[in-house]
Amino acid sequence: MPLFCDVALPVPLDMAFTYAIPPGMEPVVGGRVLVPFRQQRVPGIVVELHDRAPQATTPAVKIKNLIEALDLAPVLDDQLLKLGRWIADYYLAPLGEVFRTMLPLSAEFKRAVTYRITDAGHMALHLAGMSGSPARSQRTPEEQLVEFRVLDYLAERAGGRANENRLRSATRISRALLAGMARKKWIAREDVSARRDAARTIKVAVLISGACPEPVEGASRPRPSSKLNANQLTLIETLAAAGGRVPIETLRGLDVPRTTLGTLVRRGLVELMDEPQEFSVPKLKPRRSPFEFEFSPAQQQALGKIREGVGARRFSGVLLHGVTGSGKTAVYLAGMREVLEQGRSSILLVPEIGLTPAMAADLIQLFGDEVAILHSGLSHDERAEQWHRIKRGEARVVVGTRSAVFAPVTDLALLIVDEEQDSSYKQEETPRYHARDVAVMRAKMAGAVVVLGSATPSLDSYYNATKNKYALVELPDRVENRPLPEVEIIDMRQEFQETGKDQVISRKLAEEIRERLEKKEQVMVLLNRRGYSPVALCRACGQALQCKNCAVSMTHHKRERKMECHYCGYVTHIPNKCAHCGSEYVYFVGTGSEKLEELLHGMFPQARIGRLDRDTVRGREDFERALNALNEGELDMLVGTQMIAKGHDVHGVTLVGVVGADAALGLPDFRAAERTFQLLTQVAGRAGRGESPGKVVLQTYFPDHYAVQYAARHDFAGFYDKELQFRSWMHYPPYSAIANVVVRSEKLDETLAWSGELGRWFEKTRHEGIRVLGPAAAPIPRLKRDYRYHFILKSPSREKMNALLRAMLAEAAARRIPRTQVIVDVDAVWLM
Ligand SMILES: [Zn+2]
Ligand SMILES: [Zn+2]
């Protein structure tokens with residue numbers, strides 16, 4: 001066995017750490033180990049085993065031993081290790097943090113800290129008891145009392161030891177005071193974090209016998225209790241029908257409020273128990289496929305390209321550009337089915353799984369228990385379980401959000417990125433990777449086919465396709481040759497001149513809505529801003545109510561009676577007077593989706609209106625419920641944010657109204673036009689997916705803007721050419737690589753000093769072929785308490801740009817600017 005191993009740790013440092021391997025321990029490359037790091041136990045990934053004794057920088061520093069090897073076999077195979085290294089290199093992220101992102105296994109490691117009373121602690125306790133009052137101290141008498149409570153508590157435990165959480169809740173000691181006691185050496189802090197070996201369990205609801213009497217044949221079923229309501233009865237009957245035991249996850253699938261189960265437990269009718277995980281894995285037999293795909297020639301061409309690449313076992317890329325409603329999903333599913341039939345694996349990435357329940361349902365119907373689902377809505381345990389199923393080869397069809405691109409499938413043949421232009425594929429924390437680009441790289445390493453699908457491909461992907469990096473397959477027609485909707489542009493400036501009022505709903509849109517409602521057709525209205533009003537303004541001094549953590553207006557939420565910051569989540573009460581001048585004239589300005597719903601209720605009191613946004617949708621069920629209601633004709637109208645624009649298929653909608661979707665055009669971000677074009681195209685695509693043709697009424701203050709004009713004409717190619725010209729002039733992607741470097745600190749003077757230092761360093765460092773703009777205050781100069789300054793780097797040479805960024809990070813480290821305060825965002829999608 002080698003003597004040493006290098007370990008990548010999830011810490012913000014660009015290096016691996018060397019540990020000695022104690023005799024008998026057998027760590028593996030790509031496996032996890034537990035190591036001591038700065039008084040803590042930290043799990044890391046072994047990246048190399050070797051016999052090179054490290055050269056200690058100071059002789060006193062002794063190489064520490066591994067504590068434990070956690071895996072007998074690698075959790076990251078060679079390909080994923082290589083992919084991780086590529087990400088660390090490309091996005092300038094610490095390797096250990098990349099690996100942590102790639103492995104959803106935090107459930108298998110339990111953080112735990114204990115405190116033990118020391119001899120000095122016993123002595124202090126003893127002296128206190130003798131003299132009656134402790135020695136002179138700068139602490140308040142209350143604080144001293146708490147300290148002795150802690151010593152007392154520990155002295156009475158076995159081994160003089162207690163778990164941190166238990167100790168803190170028993171004695172109510174603050175963290176600061178506890179740390180102070182450790183510094184005085186009265187107590188010793190010990191990190192005992194370890195692998196969590198407990199068998200994975202799930203919660204099961206168990207019917208308590210007697211709660212549901214045997215039904216009497218021929219007679220109506222006697223109720224277990226006269227006081228049970230319909231929901232409670234549904235649960236009891238479901239349990240009884242299943243033999244008395246059902247995983248609570250399954251019960252959640254019933255249309256019964258979550259609180260009902262709790263009520264039954266409190267009433268002693270049902271008990272909750274932990275059962276081993278095996279209980280939950282329902283052995284669904286894949287149903288014989290109901291999908292007899294009847295493909296158009298264009299769809300066949302797309303499938304042919306996939307088939308060809310999969311058969312060749314060589315990397316190839318396909319950009320599938322299909323207008324909304326053209327049947328991209330059917331192509332994905334057919335491709336995945338062929339791959340599975342060959343015993344190989346596929347991964348399908350979707351922007352937000354909660355928003356594509358139909359896709360997940362189709363997959364499960366087609367592939368049964370070969371499907372694994374990975375997304376952020378799962379608990380840590382559930383995620384680890386899915387990961388292991390994939391790793392063991394039990395699930396060869398993976399569907400998930402961003403991080404599913406790291407799913408440990410064997411023999412990857414097909415990787416599909418649906419809605420590849422969606423910005424949720426970009427992770428906005430370290431490592432700041434873009435899952436679409438990682439998917440392309442992973443497919444390259446695996447010799448697999450990558451399919452990027454979209455109705456509105458990103459400029460970058462489309463450009464790559466025109467440069468023959470990918471094969472371009474167009475699906476120009478909707479299924480069954482349904483026409484794309486007609487789009488009418490309403491100039492809201494003119495509307496204002498003619499009505500003398502700042503309208504939210506134009507006369508034309510109101511008229512069109514009325515017409516649809518009379519015909520019993522359905523309507524969607526998009527306003528891409530949640531809340532009631534986005535600004536609370538003082539009429540006396542003109543100041544807006546800002547978030548205390550961000551340079552951003554607080555949004556008024558009327559129903560929940562609060563002001564909320566949509567950037568950091570800070571919530572405060574609704575002001576009754578101005579915080580700046582004390583005046584009582586505080587007005588709420590502007591319209592969000594909540595107010596839009598209220599306005600529409602006022603205008604169409606008979607209509608049944610639903611709303612879809614982050615405030616009404618807490619989980620996947622809420623989303624499905626709203627969509628089902630629309631599908632079943634229980635709603636006449638659905639208003640909401642961009643959530644309503646994403647790929648669902650509701651056939652009764654014949655009118656889409658767009659209210660203020662162009663606000664982004666005013667933002668200082670070079671992708672604003674592209675995003676607006678994409679959003680408009682997508683929401684327009686919701687209209688007329690059934691028998692009746694659709695119409696879109698697009699209200700805008702920028703009627704002449706090319707993003708609006710081309711979206712109205714469904715002219716992707718026209719938009720693409722125009723936008724590409726602009727990007728070329730301005731040296732933006734795809735003509736230049738771009739990076740956003742943000743320097744941040746809670747202290748303004750630190751932000752200014754650091755960005756100044758780095759600015760001077762950029763000035764005197766040669767960087768041919770790289771433009772460096774800044775330092776300048778970021779468009780949002782304060783965010784989540786941090787003041788922010790930024791630089792923008794542009795270069796046609798990505799290698800040169802990354803080399804300069806690496807040198808800049810080294811310079812920052814030399815100047816002792818903490819690594820966490822300099823954010824390097826390569827291929828930034830958000831420059832605010
Ligand atoms: Zn004021
Ligand atoms: Zn905020």
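A residue is called buried here when its relative accessible area is under 20%. Keep that cut-off at hand as you move through this predicted model.

**Stop 1: Gln299**

Select Gln299, which sits in helix α10, residues 297-312. Is Gln299 buried or exposed? Its relative accessibility is 5%, so Gln299 counts as buried. Now show what surrounds the residue. Setting aside neighbours within four places in sequence, Gln299 is in contact with Glu294, Ser326, Gly327, Ala330, Val331 and Leu475.

**Stop 2: the zinc site**

Next, select the zinc ion (ligand 1) and display the cysteines around it. Which protein atoms are the donors of the zinc ion? They are the SG atoms of Cys538, Cys541, Cys578 and Cys581, lying 2.3 to 2.4 Å from the ion. If you check angles in your viewer, the four donor atoms give 105 to 113°, and the site is tetrahedral. For comparison, the ideal angle for four tetrahedral donors is 109.5 degrees.

Along the sequence, these donor residues follow the spacing C-x2-C-x36-C-x2-C. Pick out Cys541 and Cys581 to see how distant parts of the chain are linked here: the two are 40 residues apart. Cys541 belongs to the loop between β23 (535-538) and β24 (555-557), while Cys581 belongs to the loop between β26 (571-572) and β27 (586-589).

While you are looking at cysteines, select Cys547. With a relative accessibility of 5%, Cys547 counts as buried. How many disulfides are there in the model? The count comes to zero, taking a disulfide as a pair of cysteine sulfur atoms within 2.5 Å.

**Stop 3: helix α23**

Move on to residues 748-764, which form helix α23.

Then colour the buried residues of α23: Thr751, Trp754, Ser755, Gly756, Leu758, Gly759, Trp761 and Phe762. What do these buried residues pack against? Their partners are the strands β32 (737-745), β33 (771-783), β34 (786-795) and β35 (822-826), together with helix α24 (798-814).

**Stop 4: two cis peptide bonds**

Stay with β32 and β33 for the next selections. In the loop between α22 (716-730) and β32 you will find Pro734. A cis peptide bond joins Pro733 to Pro734, with omega about 5°.

Now go to Pro775, which is placed in strand β33. The peptide bond from Gly774 to Pro775 is cis as well, and its omega is near 10°.

**Stop 5: two residues with positive phi**

Finish with a pair of loop residues. Select Arg816, in the loop between α24 and β35. Its phi is near 60°, a positive value in a residue other than glycine. Arg816 counts as exposed, at 73% relative accessibility.

Is Gln39 buried or exposed? At 71% relative accessibility, Gln39 counts as exposed.

Note on methods: Residues numbered from 1 in each chain as written. Chains lettered and ligands numbered in written order. Predicted model: local features only at pLDDT ≥ 70, side-chain atom pairs only at ≥ 80, totals over all residues. Heavy atoms only, no water. Helix = DSSP H or I, 4+ residues; strand = E, 2+ residues; numbered from the N terminus. Expected span 1.5 Å × (residues − 1). Buried < 20%, exposed > 50% of the residue type's maximum accessible area, 1.4 Å probe, protein only. Contact = heavy atoms within 4.5 Å. Donors = N, O, S within 2.8 Å, 3.2 Å for Na, K, Ca; no water. Tetrahedral: all angles 85-135°; square planar, octahedral: opposite > 155°, others 65-115°.
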